[in-house]
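Student: Please take a close look at one part of this model for me. I would like to focus on where the two chains meet.

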Amino acid sequence: MVRRHPALTAVITISLLVMGLVLAGIPVQEGLGILGLLFVLILPGYALTAALFAPGILDAPEHITIAIGLSISAAAIGGFVLNLTPWGLRASSWAMFLGSISLGSSVVGLSRRRGAPMSRPLATTTRPKRRRGKAFLVVAAVLVTAGSIMVAYRGAATQRYPEFTQLWIQPPVDAGHGSVRIGVRSMEAAPRQYKLRLEVDDAVVREWSSITLNPGGTWETTVVLPVRRASVERIDALLYRLDRPADVYRRVELWGGNEVNE
Amino acid sequence: MTVQAAEKRTLVDAARNASSYAAEAEGPGWGHLPALGLIGACGLLLVACAYTAGRADLPVGTLLRWIGLLLLFVPTAFRLLSPAAARRERIGLLVVLAMNFYLVKVLYSPLEFRFSDEFQHWRSTDDIMQTGRLFQFQHFLPTSLVYPALQNVMVALISLTGLDIFSAGIVVMGLVRLLFVLALYLFYEQALDSAYVAGIASLLYMANPHYQFLNAMFTYQAFALPILAYVLFIIARKQRTHDVGSVGLHLALLLSLVTVVISHHLTSYLLLAFLVLWTLATFWRQRKRNGLYEPHRPEIGGTTILLFVLIVTWLVYVATVTVGYLVEPVSAVASELISLTTREANPGAVFRPPQGPSWERYTSYAAVGVLLIGLALGTLQIARKHQRNALVLALGLGSFGYLGGVALRFTSGGAELAGRSFPFTFLPLAFVLAVGLAELSRLPRRPWIAQLVLVLPCIGIYLGGLTSGWPPYWARLPGPYLVEASERSIEPQGVEAAKWARSALGRNNRMATNFTNFHLMGSYGAQDPVFGTSALFFAPRIGSEQVAEIRQKELDYFVVDKRLSSMLPVRGFYFEGWEAMAQRYTEPIAPGMLAKFDGVPNVSRVFDSGDIVIYDVRTLSHGP
């Protein structure tokens, strides 16, 4: 009795789909999800196994092992091969390389299986009641494992660390003469209000009396200095928290000898 | 399969099975796998709760962790030591156990990498994603660039799924974990045609000190080891296949040999060493036996030669940097070992016992004792009953490599090498131990007490692995920040500083910093951190000598973490393992040493996040 081979047909279908989408330039990598994962890590090895081994030669554990091993080998060696090509290691070249392996091997595998008799599944000897009991245990194990992952994930996501605020100063890349870029980013636990003072050689040239940032918020600005850059020795930016105005919370400085656009 | 080949195979197998162990259960059932799977899942849940408790700094976390880890291992060990389990069930139990152990590592840090080695490979992968090319130079871990197999798989997966590096790494290492457990079991099974021995050997391998964490990290060694097991399985399988499927196995072997060579240097060298042993054992044992001719198996010799050629070719034409990377530490350790044997050195002076509570130290020592006894028993059984089996003979000889690992602990630089050798030396050792244990199972009567006696050594080895393995006792649970405490030092302020450096400073600036920020800046920061700068940090001020060193090293930035002065370094050093006071600190680094960059002319303080400050020293280094 001859049967079709849905698995190899699925390999061909998925391979053609992924290759087609990627080569058409459609940015679907993130949408490929599980298909992309199968395309890279499972399909090449499965197809190669079907092409290289006649049905019945390998038992299930051997089949799985060799399929995974061949997939890993295909990708590991494929990177080296693609590096020798003008296209390099990009989505399109990977799609062509791995897809070709999967398609070619699937075709060979299908031809090897043409005319092969259908294998009969093993007759089960367990009673229905016992099968239901085991199924319940399996489902329970999966649910508890999923629960473990959720517990750990939530614990990591909500772990408390000391809060902090970043302050930085940089000469901007494309600004005019004598300008600097200042930024503040809050990684505090609650909204904060800050005061920022900019000094040039200890003289205040600019002050922002109230900068409010929510957790994760960023404030940046480019400041054109009122004096020529060549005559400046040092530029200081001092950040204060409005709930503690007497203490310098963060401090950065830029020396005149540092690279600033002149 | 031809009739003649089938008959020949049957006769050979019958001869080989003459000494098979406890009557192997057959049948399609899954036995107790569902129930044991549920128990294992409960153990995993306890471990997850332990991690959550650790993050909240609750002491109950330690107890929960121990109970959870025991629940994962002990019930499965009981079942695998029972002759009643069918082959299918054994494989299922081992797969479930292996994946649960993998989740023990993943759940430790489910949001980001935390182990220093993982950052190095994160960077390698990121560089390839940026450029689309291999072999882009990087100071971080030069050898990882010339063994790009892991990165190739990662880049393929990321390119076609859009996953980030961390998520893709979890998937890839999970898949090779599955490959490892299956390949290892099947390899062991091929050796003695015994699912019983293979199950015990696989279980004991998973009890090695580094299986749960080091073997599961996102590193090229952890990636290559399953490929090694896969190669061994293919070779062993080929030796039992006469005609059918041999072309497929030949191609699978060729591809896997190439993969292991381009995956990791030491793994391929140690594989070669084992194949040499196997080849020698094969040609030595090739003789007429029981009226049957042992099938002539020259392929093992050909495979060994092929692997040698591949290794040399890769080393000469691509990976020459490996020589310098390996020669220095290996020769240093070798000269120390020679000094020990000639009594020029005192082993007690350099031996560092495992850290932690005293009961853990005694457990570690006891586990070594159990391993040595098991090694002796297993070796005896091999000599008595299996000396005509070339593969078993090779495994028996290879198991003595474990003694080399023990000896390395008595050198100053060998403790880490010893630790990194266990994943390899346990491969043959676990099999030899299983042979010894399986022999004990041939008792005529096997009450549950007898089975308990068999399980106790397994539990002892497992506990010894937990107490002497990674992570060290102070990092077994995630928790609040500690100074230079490996994974306990990875926290948001350092990570965000590194990300700022990448976006604001550009890539590949040469940076001087402490060990933790070295890895963060080198990975998330895409910078070029430089080793050997500890003297600059310990100098009381920036004088002409320090300026000269900054220029000589072409440093661009200093990343100063003021928390270093708040406590002693948990790992014993702040910057490099060879810094002047490493392992001998009695007080933290002085705050003044870290603040000396403030007010230095032409040293700009460009970033301040409270604890982390970044200084721009390009004017000092390169001139105005």
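Tutor: Chain A and chain B bury about 7,200 Å² between them, buried area being the accessible area (1.4 Å probe) that two parts lose on being put together, summed over both. Carbon and sulfur atoms carry 68% of that area. The model is predicted: local features need pLDDT of at least 70, side-chain atom pairs count only at pLDDT 80 or more, and totals for chains, interfaces and linings use all residues. Residues are numbered from 1 along each chain as its sequence is written, chains are lettered from A and ligands numbered from 1 in the order in which they are written, and side-chain values use heavy atoms, with hydrogens and water left out.

Chain A puts 81 residues into the contact and chain B 95 residues (contact: heavy atoms within 4.5 Å). Four salt bridges cross the interface (a side-chain nitrogen of Lys or Arg within 4 Å of a carboxyl oxygen of Asp or Glu). One of them pairs Glu62(A) with Arg237(B). Their closest N and O atoms are 2.7 Å apart.

On chain A, the elements giving two or more residues to this side include helix 6 (91–113), helix 7 (128–157) and strand 2 (179–187). Helix 5 gives the most, with 17 residues. Helices (H or I, at least four residues) and strands (E, at least two) are DSSP runs, numbered from the N terminus. By class, the side of chain A that touches chain B has 51 nonpolar, 20 polar and 10 charged residues. Here Ala, Val, Leu, Ile, Met, Phe, Trp, Tyr, Cys and Pro count as nonpolar, Asp, Glu, Lys and Arg as charged, and the others, Gly among them, as polar.
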